[in-house]
Amino acid sequence: GANMGQFQAEVRAAGFTGRIVAIEPIVSLAERLRAAGIETHAVAAGEECGTVELTEFGDSSLSSVHLLNAFAQHVWPNGTDGLAPRQTTVVPIVRLDELLASTPGRLFVKLDTQGHDVAAVRGLSGILPRVVGVQSELAFQPIYEGVPVASEHLLLLDKMGFGLAALEPVTRTPDGALVEADGLFVKRSDGHGQLVAHDGLS
């Protein structure tokens, strides 16, 4: 989700003046974003519409519809307070192609759903022709339970016609191994997948 509006602030500072539509399932954070004048929907993004349990952690940026796994403690060995669950709430979850169906023009979609990006990407299928780019967090070593690894994520976006343009590390283990990275994907002009699946991936 949009959390505290960090990405919005970055793109505005870079000179973007167009419309920004934010989603943030934690109601208190969504209200803060609205108070700052940001168009915000207090929902989660996924492959199906309905409701879902959201766990809020001490560090709100880790809040997710997935639970943290044991590996997260290895990544943040001193992060006990931030990793501790604070509360669980039931929140609406929507497909982005339904939420953004009436939003005109070309779309750039920035995702940071803390483990639910693959499902959110699948929820874009109905508006895919208008999506020119996607930024999404790839899990090379998942810190949440039941989260697809980066290879599955890459294959999905490849099949949807997007090529990886840039990769920026987000999280590393204390010994320097990559855990998560933001991938910037652009719509390829040929629209065809280029990657080949191996080891049972398809």
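Leaving aside its neighbours within four places in sequence, which residues is Thr-173 in contact with? In this predicted model, where contact means heavy atoms within 4.5 Å, Thr-173 touches Phe-71, His-74, Val-75, Gln-141 and Val-179. Thr-173 is found in the loop between strand S8 (162-172) and strand S9 (178-187), strands being DSSP runs of E of at least two residues and helices runs of H or I of at least four, numbered from the N terminus.

The model is predicted, so local features need pLDDT of at least 70 and side-chain atom pairs count only at pLDDT 80 or more, while totals for chains, interfaces and linings use all residues. Residues are numbered from 1 along each chain as its sequence is written, and side-chain values use heavy atoms, with hydrogens and water left out.

Buried means under 20% relative accessible area, exposed over 50%, and partly exposed in between (1.4 Å probe, protein chains only).

| Residue | Relative accessibility | Class |
|---|---|---|
| Thr-173 | 7% | buried |
| Val-132 | 35% | partly exposed |

A nonpolar core is a set of buried Ala, Val, Leu, Ile, Met, Phe, Trp, Tyr and Cys residues joined through side-chain atoms within 4.5 Å. The largest has 24 residues, of which Leu-96, Leu-111, Val-131, Val-134 and Phe-162 touch the most other members; strand S6 (107-110), helix H6 (117-122), strand S7 (131-139) and helix H7 (150-159) each supply at least two of its residues. A second, separate core of 11 residues includes Phe-57, Leu-62, Ile-143 and Val-147.

Beyond its neighbours within four places in sequence, Phe-162 has contacts that include Leu-128, Val-132, Leu-157 and Phe-185. Val-132 itself lies in strand S7.
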